[in-house]
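My entries follow the order in which I checked things.

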Amino acid sequence: MGIWSSLIRSAGKPKFNSAVLLAAGSGKRFSDDTAKQFAVVGGESILVRSAKLFQSSEDVQEIVVVTRETDIPGVRNILNKAGITKVTRIVAGGDTRQESAKIGFDAVNPEADYVAIHDAARCLCTPDMLEAVFESAFVNGAAAAACRNPDTLKRTNGTDLVTETIERENTWRVQTPQIFKADIYRAASYTCAKEHFSATDDCALCEHVGFPVHLVDCGPMNLKITYPEDTVIAEGILAYRERAAAEGAKSGKESAT
Ligand code: CTP
Ligand code: MG
(Lines give C-alpha, C1' and ligand atoms only; values in the text may rest on other atoms or scores of the structure.)
(Ligands and ions follow the chains in the order given, each with its own letter.)
Protein backbone atom coordinates (compact mmCIF):
# COMPACT_ATOMS: atom_id res chain seq x y z
CA MET A 1 0.00 0.00 0.00
CA GLY A 2 1.45 3.43 -0.99
CA ILE A 3 1.88 6.43 1.30
CA TRP A 4 -1.21 8.21 -0.11
CA SER A 5 -3.39 5.13 0.42
CA SER A 6 -2.19 4.88 4.00
CA LEU A 7 -2.87 8.57 4.62
CA ILE A 8 -6.36 8.47 3.09
CA ARG A 9 -7.22 5.39 5.10
CA SER A 10 -5.81 6.63 8.40
CA ALA A 11 -7.43 10.08 7.93
CA GLY A 12 -10.96 8.80 8.23
CA LYS A 13 -11.05 5.07 8.03
CA PRO A 14 -14.63 3.90 7.61
CA LYS A 15 -15.72 1.23 10.02
CA PHE A 16 -18.15 -0.88 8.08
CA ASN A 17 -18.57 -1.22 4.33
CA SER A 18 -20.97 -3.47 2.44
CA ALA A 19 -20.87 -5.02 -1.00
CA VAL A 20 -24.02 -5.65 -3.01
CA LEU A 21 -23.43 -8.42 -5.53
CA LEU A 22 -25.98 -8.33 -8.34
CA ALA A 23 -26.76 -11.79 -9.69
CA ALA A 24 -30.49 -11.67 -10.35
CA GLY A 25 -30.37 -11.36 -14.14
CA SER A 26 -31.38 -14.11 -16.51
CA GLY A 27 -28.47 -13.64 -18.93
CA LYS A 28 -30.63 -13.71 -22.05
CA ARG A 29 -27.80 -12.53 -24.30
CA PHE A 30 -25.53 -15.26 -22.91
CA SER A 31 -27.69 -18.37 -23.10
CA ASP A 32 -31.28 -19.58 -23.20
CA ASP A 33 -30.62 -22.27 -20.56
CA THR A 34 -28.06 -21.33 -17.89
CA ALA A 35 -28.12 -18.01 -16.04
CA LYS A 36 -24.63 -16.74 -16.82
CA GLN A 37 -23.68 -16.19 -13.14
CA PHE A 38 -23.44 -19.99 -12.87
CA ALA A 39 -21.31 -20.44 -16.01
CA VAL A 40 -17.69 -21.42 -15.43
CA VAL A 41 -14.74 -19.25 -16.44
CA GLY A 42 -11.20 -20.42 -15.71
CA GLY A 43 -12.43 -23.37 -13.63
CA GLU A 44 -14.69 -21.32 -11.35
CA SER A 45 -18.23 -19.99 -11.64
CA ILE A 46 -18.71 -16.32 -12.46
CA LEU A 47 -20.64 -15.89 -9.19
CA VAL A 48 -17.90 -17.41 -7.03
CA ARG A 49 -15.17 -15.38 -8.76
CA SER A 50 -17.03 -12.15 -8.01
CA ALA A 51 -17.84 -13.18 -4.42
CA LYS A 52 -14.16 -14.00 -3.76
CA LEU A 53 -13.18 -10.46 -4.74
CA PHE A 54 -15.14 -9.06 -1.78
CA GLN A 55 -14.37 -11.96 0.55
CA SER A 56 -10.66 -11.16 0.22
CA SER A 57 -10.98 -7.37 0.55
CA GLU A 58 -10.15 -5.79 3.89
CA ASP A 59 -12.38 -2.85 2.88
CA VAL A 60 -15.52 -5.04 2.87
CA GLN A 61 -17.21 -6.35 6.00
CA GLU A 62 -20.42 -7.83 4.56
CA ILE A 63 -21.71 -9.12 1.26
CA VAL A 64 -25.39 -8.96 0.30
CA VAL A 65 -26.19 -11.15 -2.68
CA VAL A 66 -29.15 -10.36 -4.92
CA THR A 67 -30.35 -13.27 -6.99
CA ARG A 68 -33.51 -14.76 -8.49
CA GLU A 69 -35.87 -16.08 -5.84
CA THR A 70 -35.68 -19.68 -7.10
CA ASP A 71 -31.86 -19.55 -7.06
CA ILE A 72 -31.54 -18.47 -3.40
CA PRO A 73 -30.98 -21.97 -1.88
CA GLY A 74 -28.55 -22.95 -4.67
CA VAL A 75 -26.61 -19.70 -4.36
CA ARG A 76 -26.35 -20.14 -0.57
CA ASN A 77 -24.97 -23.61 -1.08
CA ILE A 78 -22.45 -22.59 -3.76
CA LEU A 79 -21.12 -19.68 -1.70
CA ASN A 80 -20.88 -21.76 1.49
CA LYS A 81 -18.92 -24.43 -0.35
CA ALA A 82 -16.59 -21.78 -1.78
CA GLY A 83 -15.80 -20.48 1.73
CA ILE A 84 -17.54 -17.10 1.30
CA THR A 85 -18.18 -16.25 4.95
CA LYS A 86 -19.04 -12.53 4.68
CA VAL A 87 -22.53 -13.09 3.21
CA THR A 88 -25.14 -11.69 5.60
CA ARG A 89 -28.20 -11.84 3.35
CA ILE A 90 -29.28 -13.35 0.05
CA VAL A 91 -32.32 -11.53 -1.29
CA ALA A 92 -34.62 -11.88 -4.31
CA GLY A 93 -33.93 -9.31 -7.04
CA GLY A 94 -36.32 -7.29 -9.18
CA ASP A 95 -37.24 -7.22 -12.85
CA THR A 96 -34.53 -4.72 -13.77
CA ARG A 97 -30.94 -4.19 -12.66
CA GLN A 98 -31.92 -0.87 -11.11
CA GLU A 99 -34.63 -2.56 -9.01
CA SER A 100 -32.20 -5.30 -7.94
CA ALA A 101 -29.63 -2.67 -6.91
CA LYS A 102 -32.24 -0.86 -4.80
CA ILE A 103 -33.36 -4.11 -3.16
CA GLY A 104 -29.72 -4.99 -2.42
CA PHE A 105 -28.91 -1.54 -1.06
CA ASP A 106 -31.99 -1.62 1.20
CA ALA A 107 -30.83 -5.00 2.57
CA VAL A 108 -27.34 -3.92 3.70
CA ASN A 109 -26.57 -3.19 7.33
CA PRO A 110 -28.20 0.23 8.00
CA GLU A 111 -25.00 1.34 9.75
CA ALA A 112 -22.85 0.75 6.65
CA ASP A 113 -20.55 3.69 5.86
CA TYR A 114 -19.89 2.84 2.19
CA VAL A 115 -21.65 0.50 -0.20
CA ALA A 116 -20.00 -1.10 -3.24
CA ILE A 117 -22.44 -2.20 -5.95
CA HIS A 118 -21.02 -4.79 -8.32
CA ASP A 119 -22.32 -6.85 -11.25
CA ALA A 120 -21.59 -10.50 -10.52
CA ALA A 121 -21.12 -10.84 -14.29
CA ARG A 122 -18.04 -8.57 -14.09
CA CYS A 123 -15.96 -11.39 -12.69
CA LEU A 124 -12.45 -10.27 -13.70
CA CYS A 125 -12.23 -7.29 -11.36
CA THR A 126 -8.99 -7.53 -9.35
CA PRO A 127 -8.32 -6.62 -5.69
CA ASP A 128 -6.14 -3.70 -6.91
CA MET A 129 -9.01 -2.29 -8.97
CA LEU A 130 -11.44 -2.65 -6.06
CA GLU A 131 -9.02 -0.94 -3.69
CA ALA A 132 -8.49 1.94 -6.12
CA VAL A 133 -12.25 2.54 -6.47
CA PHE A 134 -12.69 2.40 -2.68
CA GLU A 135 -9.93 4.98 -2.28
CA SER A 136 -11.60 7.37 -4.70
CA ALA A 137 -14.98 6.84 -2.98
CA PHE A 138 -13.43 7.54 0.46
CA VAL A 139 -12.12 10.86 -0.89
CA ASN A 140 -14.95 11.85 -3.27
CA GLY A 141 -18.09 10.15 -1.94
CA ALA A 142 -18.98 8.43 -5.22
CA ALA A 143 -16.65 6.56 -7.57
CA ALA A 144 -16.89 3.99 -10.34
CA ALA A 145 -14.56 1.69 -12.19
CA ALA A 146 -14.34 2.63 -15.85
CA CYS A 147 -12.07 2.54 -18.87
CA ARG A 148 -11.31 5.07 -21.53
CA ASN A 149 -13.30 4.48 -24.68
CA PRO A 150 -10.97 3.58 -27.57
CA ASP A 151 -13.53 3.88 -30.38
CA THR A 152 -15.13 6.80 -32.14
CA LEU A 153 -18.77 6.91 -31.06
CA LYS A 154 -21.71 7.66 -33.36
CA ARG A 155 -25.30 8.37 -32.43
CA THR A 156 -28.04 7.17 -34.79
CA ASN A 157 -31.70 8.08 -35.04
CA GLY A 158 -32.92 4.57 -34.15
CA THR A 159 -32.08 3.21 -37.61
CA ASP A 160 -28.62 2.96 -39.19
CA LEU A 161 -28.55 6.67 -40.01
CA VAL A 162 -25.81 8.62 -38.21
CA THR A 163 -27.02 11.83 -36.59
CA GLU A 164 -23.95 12.75 -34.55
CA THR A 165 -20.29 11.90 -34.00
CA ILE A 166 -19.39 12.09 -30.34
CA GLU A 167 -15.91 13.38 -29.50
CA ARG A 168 -13.88 10.35 -28.33
CA GLU A 169 -11.39 12.28 -26.20
CA ASN A 170 -13.49 12.44 -23.04
CA THR A 171 -15.68 9.36 -23.35
CA TRP A 172 -15.41 6.43 -20.94
CA ARG A 173 -17.06 3.03 -20.63
CA VAL A 174 -18.42 2.72 -17.13
CA GLN A 175 -17.97 -0.54 -15.26
CA THR A 176 -18.51 -1.77 -11.73
CA PRO A 177 -17.76 -1.72 -8.82
CA GLN A 178 -19.48 1.60 -8.18
CA ILE A 179 -18.92 2.70 -4.61
CA PHE A 180 -20.83 5.31 -2.65
CA LYS A 181 -20.94 6.86 0.77
CA ALA A 182 -24.15 5.19 1.93
CA ASP A 183 -25.90 8.44 2.92
CA ILE A 184 -25.29 9.96 -0.52
CA TYR A 185 -26.59 6.92 -2.41
CA ARG A 186 -29.60 6.62 -0.09
CA ALA A 187 -30.62 10.23 -0.76
CA ALA A 188 -30.02 9.92 -4.52
CA SER A 189 -31.92 6.65 -4.75
CA TYR A 190 -34.88 8.09 -2.81
CA THR A 191 -35.14 11.16 -5.05
CA CYS A 192 -34.77 9.13 -8.26
CA ALA A 193 -37.49 6.69 -7.15
CA LYS A 194 -39.82 9.60 -6.37
CA GLU A 195 -39.13 11.16 -9.78
CA HIS A 196 -39.36 7.82 -11.63
CA PHE A 197 -35.88 8.40 -13.01
CA SER A 198 -34.48 5.22 -14.50
CA ALA A 199 -30.86 4.45 -15.35
CA THR A 200 -28.66 1.53 -16.36
CA ASP A 201 -25.97 2.24 -13.77
CA ASP A 202 -25.88 3.42 -10.16
CA CYS A 203 -23.73 6.52 -10.67
CA ALA A 204 -26.47 7.99 -12.85
CA LEU A 205 -28.66 8.27 -9.75
CA CYS A 206 -26.05 10.50 -8.08
CA GLU A 207 -25.52 12.46 -11.32
CA HIS A 208 -29.30 13.01 -11.54
CA VAL A 209 -29.35 14.74 -8.15
CA GLY A 210 -26.20 16.73 -8.94
CA PHE A 211 -23.71 14.82 -6.80
CA PRO A 212 -20.28 14.57 -8.49
CA VAL A 213 -19.12 11.11 -9.50
CA HIS A 214 -15.45 10.26 -10.12
CA LEU A 215 -14.12 7.56 -12.45
CA VAL A 216 -11.17 5.24 -11.80
CA ASP A 217 -9.43 3.87 -14.88
CA CYS A 218 -9.47 0.09 -14.49
CA GLY A 219 -8.72 -0.66 -18.14
CA PRO A 220 -10.53 -2.98 -20.54
CA MET A 221 -9.66 -6.18 -18.64
CA ASN A 222 -12.38 -5.49 -16.06
CA LEU A 223 -14.67 -7.28 -18.47
CA LYS A 224 -18.37 -8.03 -18.00
CA ILE A 225 -19.54 -11.36 -19.36
CA THR A 226 -22.47 -10.54 -21.64
CA TYR A 227 -22.21 -12.80 -24.71
CA PRO A 228 -20.89 -16.40 -24.91
CA GLU A 229 -17.80 -15.12 -26.78
CA ASP A 230 -16.85 -13.08 -23.71
CA THR A 231 -15.84 -16.28 -21.90
CA VAL A 232 -13.13 -16.80 -24.55
CA ILE A 233 -11.81 -13.28 -23.94
CA ALA A 234 -12.05 -13.87 -20.17
CA GLU A 235 -10.00 -17.08 -20.37
CA GLY A 236 -7.39 -15.15 -22.38
CA ILE A 237 -7.23 -12.41 -19.75
CA LEU A 238 -6.83 -14.98 -16.95
CA ALA A 239 -4.02 -16.72 -18.85
CA TYR A 240 -2.33 -13.36 -19.47
CA ARG A 241 -2.53 -12.51 -15.76
CA GLU A 242 -1.11 -15.89 -14.77
CA ARG A 243 1.84 -15.38 -17.14
CA ALA A 244 2.39 -11.83 -15.90
CA ALA A 245 2.30 -13.01 -12.26
CA ALA A 246 4.79 -15.81 -12.98
CA GLU A 247 7.14 -13.41 -14.79
CA GLY A 248 6.74 -10.87 -11.95
CA ALA A 249 7.57 -13.56 -9.38
CA LYS A 250 10.66 -14.53 -11.38
CA SER A 251 11.91 -10.95 -11.55
CA GLY A 252 10.76 -10.15 -7.99
CA LYS A 253 8.15 -7.63 -9.24
CA GLU A 254 4.45 -7.57 -8.39
CA SER A 255 2.01 -7.77 -11.30
CA ALA A 256 -0.26 -4.74 -11.81
CA THR A 257 -3.59 -6.49 -12.34
N1 CTP B 1 -29.01 -8.10 -12.77
C2 CTP B 1 -29.79 -8.19 -11.62
N3 CTP B 1 -31.15 -8.07 -11.71
C4 CTP B 1 -31.75 -7.88 -12.89
C5 CTP B 1 -30.97 -7.76 -14.07
C6 CTP B 1 -29.60 -7.88 -13.97
O7 CTP B 1 -29.25 -8.39 -10.53
N8 CTP B 1 -33.09 -7.81 -12.95
C9 CTP B 1 -27.56 -8.30 -12.67
C10 CTP B 1 -27.02 -9.44 -13.53
O11 CTP B 1 -27.13 -10.69 -12.83
C12 CTP B 1 -25.60 -9.02 -13.84
C13 CTP B 1 -25.66 -7.49 -13.74
O14 CTP B 1 -26.92 -7.14 -13.15
O15 CTP B 1 -24.68 -9.51 -12.89
C16 CTP B 1 -25.49 -6.82 -15.09
O17 CTP B 1 -26.58 -7.11 -15.93
P18 CTP B 1 -26.46 -7.82 -17.36
O19 CTP B 1 -25.06 -7.97 -17.77
O20 CTP B 1 -27.42 -7.14 -18.27
O21 CTP B 1 -26.97 -9.31 -17.01
P22 CTP B 1 -28.34 -9.99 -17.37
O23 CTP B 1 -29.45 -9.01 -17.18
O24 CTP B 1 -28.39 -11.25 -16.58
O25 CTP B 1 -28.14 -10.35 -18.90
P26 CTP B 1 -29.12 -10.00 -20.15
O27 CTP B 1 -29.31 -8.50 -20.13
O28 CTP B 1 -28.36 -10.47 -21.33
O29 CTP B 1 -30.39 -10.76 -19.93
MG1 MG C 1 -29.53 -7.19 -18.41
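**Entry 1: the model.** I noted at the outset that this is a predicted model. Every value below is computed from it.

**Entry 2: around ligand 1.** I started with the shell of residues. I found 18 residues around ligand 1. The nearest of them are Leu22, Gly27, Lys28, Ser100 and Lys224. I then sorted the shell by class. It has 7 charged, 6 polar and 5 nonpolar residues.

Entry 3: For Lys28, a backbone N or O atom sits 2.7 Å from an oxygen atom of the ligand. For Arg29, the side chain supplies the N or O atom, and the distance to a ligand oxygen is 2.9 Å. For Ala121, the backbone is involved again, with an N or O atom 3.2 Å from an oxygen of ligand 1.

**Entry 4: burial and pocket.** How much of ligand 1 does the protein bury? Taken alone, the ligand exposes 560 Å², and the protein buries 88% of that. I also checked the pockets. The largest pocket is the space that ligand 1 takes. Next I asked which elements give two or more residues to the shell. They are strand β1 (17-23) and helix α4 (97-107).

**Entry 5: aromatic pairs.** I counted 4 aromatic pairs in the structure. I followed up the one between Tyr114 and Phe138. Is it stacked or edge-to-face? It is edge-to-face, with 4.9 Å centre to centre and 75° between the planes. The two residues are 24 apart, and the pair links distant parts of the chain. Tyr114 belongs to strand β6 (residues 114-119), and Phe138 to helix α5 (residues 127-140).

**Entry 6: a cis bond.** I checked the peptide bonds next. Most peptide bonds are trans. The one from Thr176 to Pro177 is cis, with omega near 10°. Pro177 lies in strand β10 (residues 172-181).

**Entry 7: a positive phi.** Most residues other than glycine have a negative phi. His196 has a positive one, near 50°. I located His196 in the loop between α6 (182-194) and α7 (203-208).

Conventions: Residues numbered from 1 in each chain as written. Chains lettered and ligands numbered in written order. Predicted model: local features only at pLDDT ≥ 70, side-chain atom pairs only at ≥ 80, totals over all residues. Heavy atoms only, no water. Near = heavy atom within 4 Å. Polar contact = N/O pair within 3.5 Å; in protein donor to acceptor, adjacent residues only side chain to side chain. Areas by Shrake-Rupley, 256 points an atom, 1.4 Å probe, with all protein chains shown as cover. 1 Å grid on protein atoms, 1.4 Å probe; cavity = no way out; pocket = protein on both sides within 12 Å on 5 of 7 lines; lining within 4 Å. Sits in = over half its atoms within 2 Å of the grid points. Helix = DSSP H or I, 4+ residues; strand = E, 2+ residues; numbered from the N terminus. Nonpolar A, V, L, I, M, F, W, Y, C, P; charged D, E, K, R; others polar. Phe/Tyr/Trp six-rings, centres within 6.5 Å; stacked < 30°, edge-to-face > 60°.
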